[in-house]
Amino acid sequence: MADQYVKRHVTTGCYNVDVSNPNDIWKSETVLFFYLPTLAAQVAFMLLSTRFFYYILKPLNQPRLVSEILVGFLISPELFGSSALSEILTPLKSVVTTETISYVGLVYSVFLAGVDMNFDTILRARKKAASIAIAGVLLPMILGGFIYYLALKMYKGPAEYLAMFDTTKAYMFWSLTLSVTGFPMVSHILADLKLLYTGLGRVALTTAMITDFYNWVLFALLIPFAINGKIAIYSVVSTIGFVVFCFVVVRPYLVQIIVRKTNQNEWDNHGLFFVVMGAYACALVTDLLGTHPVIGALMYGIMIPRGKFTHLLIEKSEDFGVVYLAPLFFGSCGIRLRAIYVIKTQGFGLVLGLLFLACIPKILSTVLATRFYGMSVLDGVSIGLLMNTKGILPILMLNSAWDKQILSVESFSILTVAILIMTMLVPIIINAIYKPRRLYKQNKLKTIQNLKSETELRILACVHNPRQATGMVNVLDACHTTKLSPLRVFALQLVELSGNTTSLLASHINQHNQQQSGGGQSLTKAQEDLESITNIFQTHTGANENSSVETFAAASSYSTIHEDIYNVSQEKQANLILLPFHKQSNIEGILETINTGFQDINRNVLSDAPCSVGIFVDRGLGSLFKVNLRVVMLFIGGPDDREALAVAWRMSKHQGVQLSVVRILMFGEAAEVDAISHFESRGLLSAVVDNEKQKEFDDEYVSAFRLKAVSNEDSIEYSEKEVHCREDVPEVLNEVDKIGYDLYILGHGAGRNSLILSELMHWADCPELGVIGDMLASNSFGSCSSILVVQQYGFGGMVFDNNNAIQHHPREEVPPDNSGALSVKVE
């Protein structure tokens with residue numbers, strides 16, 4: 001038994017090598033017969049199996065690293081042993097070759113980590129993020145030493161065997177592993193959980209970036225001493241000199257060449273190849289100097305200027321290293337796992353206890369640091385959990401310790417399992433304990449209808465491009481009515497990102513000003529648009545006193561970006577979300593679809609928005625140089641119409657706005673109540689009663705508007721139109737449109753309970769505009785006016801089915817009060 005403990009850390013394998021055409025250079029067998037087919041089989045298996053596990057674990061927001069280690073563990077000797085699958089995929093003869101090739105992917109993955117690491121952000125980081133990062137590195141290192149001491153005392157085995165690993169080097173590896181945070185993993189998790197643009201997400205993202213940078217510095221400075229002892233001082237000093245030389249001498253020329261070729265669009269695959277080879281050249285130099293080759297790749301990645309070139313580089317070459325080759329490295333780590341063996345020899349309780357202790361240092365250090373800055377315990381725990389997310393670096397450390405026989409099988413396996421479990425559990429726990437939407441719904445937002453005239457109006461203006469921003473500025477100018485009523489605008493650019501680098505690029509989009517400091521490189525299309533959008537909205541702010549604007553971007557897939565809009569509106573406490581219509585006007589004034597994805601976003605936002613929503617159809621409103629608008633508000637009834645009237649009422653106080661309110665009264669056939677579509681479960685009587693209540697609220701609010709606004713302002717007009725049947729609706733709209741207004745304002749239509757309007761909705765092409773908005777936006781109607789369709793928060797969102805039909809899911813459980821505001825009880 002003693003010999004087994006002492007010798008089991010050494011594995012010896014023998015195999016035959018048939019040398020083909022031996023000479024002074026080639027002293028191995030032909031790669032075509034064994035090595036190349038085996039490598040192809042390994043890459044194919046790892047690619048297919050990791051994708052399989054990744055999509056299975058995707059609902060749990062698991063990063064790809066988890067699936068890669070799991071696949072490596074599945075083909076480890078503990079599970080498959082000497083089975084046919086193991087013989088084919090992991091023959092002993094191919095181990096050296098596979099690990100050598102996997103390091104090619106590893107070096108490139110670390111190079112991308114350097115590209116992703118914004119050095120300006122690290123140097124200019126706020127004191128709070130830097131302090132949390134420092135605490136999250138130092139305290140885990142200190143506590144990690146104590147945990148390893150306890151582990152050695154609790155391990156079962158001969159004293160001679162345990163004494164082999166009771167060394168300073170082992171303590172250093174254990175402590176450094178527990179102090180690591182993987183920034184790419186954190187950004188992926190935050191993006192998947194839709195926390196990237198929340199207050200917690202911003203602090204966690206910056207803290208993770210700083211921590212990751214510190215971890216790499218410690219890896220470069222301390223690991224050589226842990227491996228080579230005192231003579232490592234020469235390696236460290238020479239590596240520092242090489243880094244200084246590269247940043248002082250090489251980087252200015254590198255930036256100049258990249259910026260020039262990027263601005264002139266001269267990059268091709270040949271040129272990109274030489275740029276990528278620079279990472280391997282730097283890796284070779286640091287390897288020759290005695291430090292790990294990935295240090296050179298990381299440094300080279302940090303040197304690359306960010307912007308259009310980095311986007312092109314990642315798009316062209318990422319699959320080569322990250323998708324195909326890097327999984328071989330992580331899989332080899334899984335193959336080395338002996339988790340089952342360790343549990344059998346050391347006991348499940350000991351392993352579980354050490355896994356629990358390994359998670360504590362990061363959380364404890366982060367909670368202490370965040371409490372010092374007045375953050376809540378929940379935020380501190382959440383950030384601490386995110387800081388426990390690992391990545392490439394700890395796997396690299398453990399493999400180095402395994403190769404140099406510094407850590408025992410027990411320590412290597414326990415730390416690898418800890419990395420796997422922490423990375424798996426973090427998104428699950430964060431999603432369970434930190435839900436912005438749940439926290440947000442505890443506070444009922446005031447609608448614009450109930451917003452006092454002197455209260456600050458907060459609008460989240462969502463745009464995809466500068467043209468949409470130009471059109472929205474005039475709407476925002478009209479909302480800025482008096483000096484006593486502040487206007488705060490949050491301009492949010494919606495950027496579609498897909499693929500493996502979503503979170504990597506998303507974390508830099510809002511740093512375009514810093515990225516330009518890298519040498520004036522051309523920005524990506526998204527960054528150029530963001531810069532233009534920023535200038536447009538800042539011009540709006542400069543022309544208006546007592547108004548302010550913040551411009552930023554949300555990068556995500558269009559299928560989930562509505563959740564980012566929810567979280568940003570929550571973070572900024574917006575009263576109104578403005579969305580652009582998915583069609584834009586061409587030279588002839590015809591609305592043309594520019595992206596059907598925009599329509600899906602609008603529908604998703606309408607379905608469960610945390611505040612009132614407005615969809616803006618721009619038919620040239622942005623071409624006006626100043627606010628001088630003729631606005632008409634069509635009022636039929638219901639909470640959405642009351643909210644739309646509130647918006648129009650606020651605009652009417654602007655000296656450049658002339659408002660006309662047209663109330664459409666329903667009689668006869670048009671007054672029939674639709675009891676089936678909206679209140680199927682409540683019955684006809686309840687629908688009729690609710691309809692009468694809505695009419696009371698409508699009459700009360702319109703009467704207040706006529707008394708306070710129409711009677712006192714010459715720029716406001718009020719009129720009424722009667723509708724008796726379905727055919728009267730388009731006739732009334734045509735009559736109104738003949739006057740030639742610049743902007744229509746109308747409600748979406750929730751709560752009207754009109755049978756004829758519900759029937760007309762089934763024929764609507766764009767049900768997100770409501771039945772009246774869809775008519776006005778139709779090219780066949782022939783109107784040249786812009787449209788603003790408003791949905792009031794609190795009554796209920798829209799559910800769109802494949803047939804364009806709409807169902808309302810009412811939220812209110814308490815009848816509205818006499819003020820016209822809906823009393824909402826949200827679960």
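User: Is Gln-405 buried, partly exposed or exposed, and at what relative accessibility?

Analyst: Buried means under 20% relative accessible area, exposed means over 50%, and partly exposed lies in between, with a 1.4 Å probe and protein chains only. Gln-405 counts as partly exposed because its relative accessibility is 41%. This is a predicted model, in which local features need pLDDT of at least 70 and side-chain atom pairs count only at pLDDT 80 or more, while totals for chains, interfaces and linings use all residues. Residues are numbered from 1 along each chain as its sequence is written, and side-chain values use heavy atoms, with hydrogens and water left out.

User: Where is Gln-405 found?

Analyst: Helices (H or I, at least four residues) and strands (E, at least two) are DSSP runs numbered from the N terminus. Gln-405 is found in the loop between α19 and α20, and its phi is near 55°, a positive value in a residue other than glycine.

User: How do the axes of α19 and α20 cross?

Analyst: Axes are lines fitted to C-alpha atoms, for helices over the stretch in contact, and angles run from 0 to 180 degrees between N-to-C directions. The axes of α19 (residues 392–403) and α20 (residues 409–433) come within 11 Å and cross at roughly 170°. Since angles under 35 degrees count as roughly parallel, over 145 as roughly antiparallel, 65 to 115 as roughly perpendicular and the rest as oblique, α19 is roughly antiparallel to α20.
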